[in-house]
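Biologist: I would like to learn how to read aromatic pairs in a model. Please take me through a case.

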Amino acid sequence: MSSTTRPPVLGRAHRARLAGAAALAVGVALAAPAAAVVPAAPEPAGPAATTAVAAAPDDGYDVIFDGTAESFDAWEYAGDGGFDLLDDGTIRSRAGAGGGFGTLWYPVRQYGDFSLVVQFRDDAPGDARANSGVQVRFPDLSGPVEGCPTTFNGNETGNLSWIAVNCGHEIQVNDSPEGGSNDPRKTGSVYGFADIGLDRARPTAKGTWNELEVRVVGQHYTVIRDGVVINEYENLPGVPFPDRPRDPDSSSRGLVGYVGLQAHGSAPDVVSYRDVRIRELPPVHVEVDARCLAGTAHVAVRALNVGEDAVDVTLGTAAGERSFADVQPGRNAYQSFSARASSVEPGTATLTVATDDGPTVVETPYAGIDCG
């Protein structure tokens, strides 16, 4: 078993060597069979275990943690606690001896618009439920960052992982029961800014593997759990952090940053992760909604160009597709596809964006609807 906890700060030359090592690890992962990359989930197997689908080698995702020591060594840790690499290829969080939390982060590169996919499992001991998070678009955690304090409501913590909290967004991992002393922000919450409860989080039993996708395009955040969209959030400027007015507001969350996983600050907060992969996305945000119009089910697809250049896009569902040429920055492409029936089953809409490297396809799930 390997572990990481508060390593020395790495210089830029070392970072370059890490980038090469990470690229080699990714190449190995993509060439290997999926079963070799993603260890089999242990019992009990819940519903999520049957719906989560591992990335295929040609699906456009880069595997940045594949269960090997080589890929784990490409990550760094800031703060208290840490993560341990287990023999089955998972990494498991642990709190620091005196409490406190930290961030395992991927320093090889920053990302702009992306889809980050991880599999997670609540491994809290006894009857407890664990707390953790996926952190995105934050600055370098290897040292102080000008304009991004390591504070909690203005009080200095001396913990570099607070940079990820104050100048990035945390997507919560927490299926604890409602009420009591449990954190009310449940899995899929954009922590503090777009919180959701268990009614939307789709909680599963402990020991169940889940798949969480965090999709970020422009300032729009979409959270997908086991193939279901559970939260969306538009990061508008100037919104204070709720109950923490002395910390940076929403304007400190930029368009580019690093990604990481959180080890929370108490003994029950034991969460395991595996199969961490990321894919760059075109600067087009897509929304999909099944709706009823005059007793007929429709699937409405809207794509907003949040980039700086015009794009050609194609929107598609099981009911058909439509192409739009030269969609200008800030403009929408929209189509409502009729199911020609009173109901539509859950499905997936596709957005295809023409790029210099060929078409890029982004799939977005939608819920079914019965208009009868």
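Biologist: Start with Tyr-221. Does it count as buried or exposed?

Modeller: This is a predicted model. Tyr-221 has 0% relative accessibility, so it counts as buried.

Biologist: How is a pair of aromatic rings described?

Modeller: By the distance of the centres and the angle of the planes. A search of the whole structure finds 12 aromatic pairs. Take Phe-193 and Phe-241: their ring centres are 5.0 Å apart and the planes lie at 75°, so this pair is edge-to-face.

Biologist: Which parts does the pair of Phe-193 and Phe-241 tie together?

Modeller: Phe-193 is in the loop between strand E11 (169-174) and helix H6 (198-201), while Phe-241 is in the loop between strand E14 (228-234) and strand E15 (258-263). The pair therefore ties together parts 48 residues apart in sequence. Phe-193 is buried, at 14% relative accessible area. Phe-241 is buried too, at 4%.

Biologist: What is the geometry of Tyr-221 and Tyr-233?

Modeller: Their ring centres are 6.2 Å apart and the planes are at 45°, so the pair is tilted. Tyr-221 belongs to strand E13 (residues 220-225) and Tyr-233 to strand E14, so the pair links parts 12 residues apart in sequence. Tyr-233 is buried, with a relative accessible area of 9%.

Biologist: Which residues do ring pairs link into a cluster?

Modeller: Phe-193, Tyr-221, Tyr-233 and Phe-241.

Biologist: Where does the charged end of Arg-185 sit?

Modeller: Over the ring of Tyr-191, 4.4 Å from its centre. Arg-274 has its charged end over the ring of Trp-209, 4.0 Å from the ring centre.

Definitions and conventions:
Residues are numbered from 1 along each chain as its sequence is written. This is a predicted model: local features need pLDDT of at least 70, side-chain atom pairs count only at pLDDT 80 or more; totals for chains, interfaces and linings use all residues. Side-chain values use heavy atoms; hydrogens and water are left out. Rings of Phe, Tyr and Trp (its six-membered ring) pair if their centres lie within 6.5 Å; planes under 30 degrees apart count as stacked, over 60 as edge-to-face and the rest as tilted. Helices (H or I, at least four residues) and strands (E, at least two) are DSSP runs, numbered from the N terminus. Buried means under 20% relative accessible area, exposed over 50%, partly exposed in between (1.4 Å probe, protein chains only). A charge sits over a ring if NZ of Lys or CZ of Arg is within 6 Å of the ring centre and within 35 degrees of the ring normal.
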